Amino acid sequence: MHPRDHTIFALSSGRPPSAIAIVRVSGPQAGAALDLLAGKIPQPRCATRALLRDRNRQPIDDAVVLWFPKPASATGEDVAEFHVHGGRAVLALLFTALASIEQMRSAEPGEFTRRAFENGKLDLTEAEGLDDLIHADTDRQRRQALRQLKGLLGDKARDWRAQIIEAQALIEAAIDFSDEGDVPAELITPALAKMTTLRDEIEHALASQGRSERLRDGLVVAIAGPPNVGKSTLMNQLARREVAIVSPHAGTTRDVIEVQLDLDGYPVTVIDTAGIRETDDPVEQEGVRRARSRAAEADLVLWLADATSEKVSYETNTPVWLVRNKIDLDQAASEADVADLRTFRISASRGDGIAELVAALVSFAHDYFGANEDGLVTRERQRKLLDETVAALTRAIGAIWTGEELVAEDLRAAAYALGRLLGRVDVEDILDVIFREFCIGK
């Protein structure tokens, strides 16, 4: 039997123990699972209380069960849900009872969503939006993912593909009536108008994205500087908790420490790096090497220096802000700024100037990700396929008066690229990559 014909089950709620746990079953044996364990199949979409029993009629739990017959279910298959108490023993007994049913097995990561995709309940952009929603850490990530799940890009792509097919029909009609005098020109002119308008619309959508696809991964900010200037103290201030060891001895931080922050809905990863200096200690040398490497990959570097320091020896193509620390110890000496570097003055130990620094980071993130929250493209895969669509339309427009057959072929290529975007043609090579990122039970 093909794996897609199996009935699958998995825990679809949080990790046990919990007050309530939801176990979902999808496939042709979902009804049989309800009949065996609950003793009946309840009315569709009606929560029903039932005492669950195993094959030996031993009680498992007093639960609530639901029945979603196909095709009106999340996966398009028969679906059963068992809402049980979330203890590990209860779940272990329930899983054992389900696994004993013929042609039933545990679900793989993302298998429920993949079946929903294969049964036409979701297109690929909506499935990607669901994955992003599951992994969203901030409110802005949640809103972006929810728009994708509700079909923001998918609906647009379907409309674009329909317009391409309309233009393709006009071009192929012109080929069929090529010996009818003025008929081809009457067909080619409206096709050209459709193609030009469509290409401009997709180009505008791509151009307006800014860095919206980076919102999924977040902004990376590295705290760098010489040893013993308060990098770990600043890290703790930004995180509002003790995440890094603070010591008066130079070289305490040997490895890269990361913390995830939510700054006004923007996901920001702050990196505390080892103090950058010349050293004979091989362990500290490796820490300095890693610090330089991670700082070079960051989107913004906060170069931390004493209020009295006049030298900033850091060269990078990454934007750098100079943060002068310990102003509470020597405020008079804090005027030695560096040209062309945005400068902040703080006391990481007392918290002076931290609010202003955080506000500046929020503003930087706002500019970095772009103010437009209606961006269509959130993944590199999507952008590449839209680029292919634009390229095919541009070739078609260039060949419109020289060869209708070439135009028709380029339009087929454009429609094919949008079909791949939606996951409706030739995407078997990427499905495993996408769905294996999902958690089990989704």
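Student: Is E203 buried, partly exposed or exposed, and why?
Tutor: This is a predicted model, so keep that in mind. E203 is partly exposed, because its relative accessible area is 35%, and the cut-offs are under 20% for buried and over 50% for exposed.

Student: Which helix is E203 in?
Tutor: Helix α7, residues 183-207.

Student: And how far apart are the C-alpha atoms of E203 and A391?
Tutor: They are separated by 10.0 Å. Along the chain, E203 and A391 are 188 residues apart.

Student: New topic. What is the strand order in the sheet that holds β1?
Tutor: The order is β3-β4-β5-β2-β1-β6. That is six strands in an open sheet, with mixed pairing. The edge strands are β3, residues 48-53, and β6, residues 104-106. Each of these pairs on one side only. From one strand to the next, the twist averages 30°.

Student: In which sense do β1 and β6 pair?
Tutor: Parallel, over three bridges. β1 covers residues 7-11. For F9, the bridge partner in β6 is S106.

Student: Which strands does helix α2 touch?
Tutor: β1, β2, β3, β4, β5 and β6. α2 spans residues 88-99 and packs on the sheet. Its direction makes about 155° with that of β5.

Student: Now the sheet with β8. What's the order there?
Tutor: β8-β9-β7-β10-β11-β12. Six strands form this open sheet, and the pairing is mixed.

Student: How many bridges link β8 and β9, and in what sense do they pair?
Tutor: Seven bridges, antiparallel. β9 is residues 266-272. The bridge partner of I257 in β9 is D272.

Student: Back to the helices. Which residues of α1 are buried?
Tutor: In α1, residues 30-38, the buried ones are A30, G31, A33, L34, L37 and A38.

Student: Why do they sit on the same side of α1?
Tutor: Because they cover an arc of only 160° around the axis. An α-helix has 3.6 residues a turn, so residues three or four places apart point the same way.

Student: What follows α1?
Tutor: G39 does. The phi of G39 is positive, near 85°.

Conventions:
Residues numbered from 1 in each chain as written. Predicted model: local features only at pLDDT ≥ 70, side-chain atom pairs only at ≥ 80, totals over all residues. Heavy atoms only, no water. Pairing = 2+ DSSP bridges. Helix = DSSP H or I, 4+ residues; strand = E, 2+ residues; numbered from the N terminus. Axes fitted to C-alpha atoms, helices over the stretch in contact; angles between N-to-C directions. Contact = heavy atoms within 4.5 Å. Buried < 20%, exposed > 50% of the residue type's maximum accessible area, 1.4 Å probe, protein only. Arc of directions from axis to C-beta.
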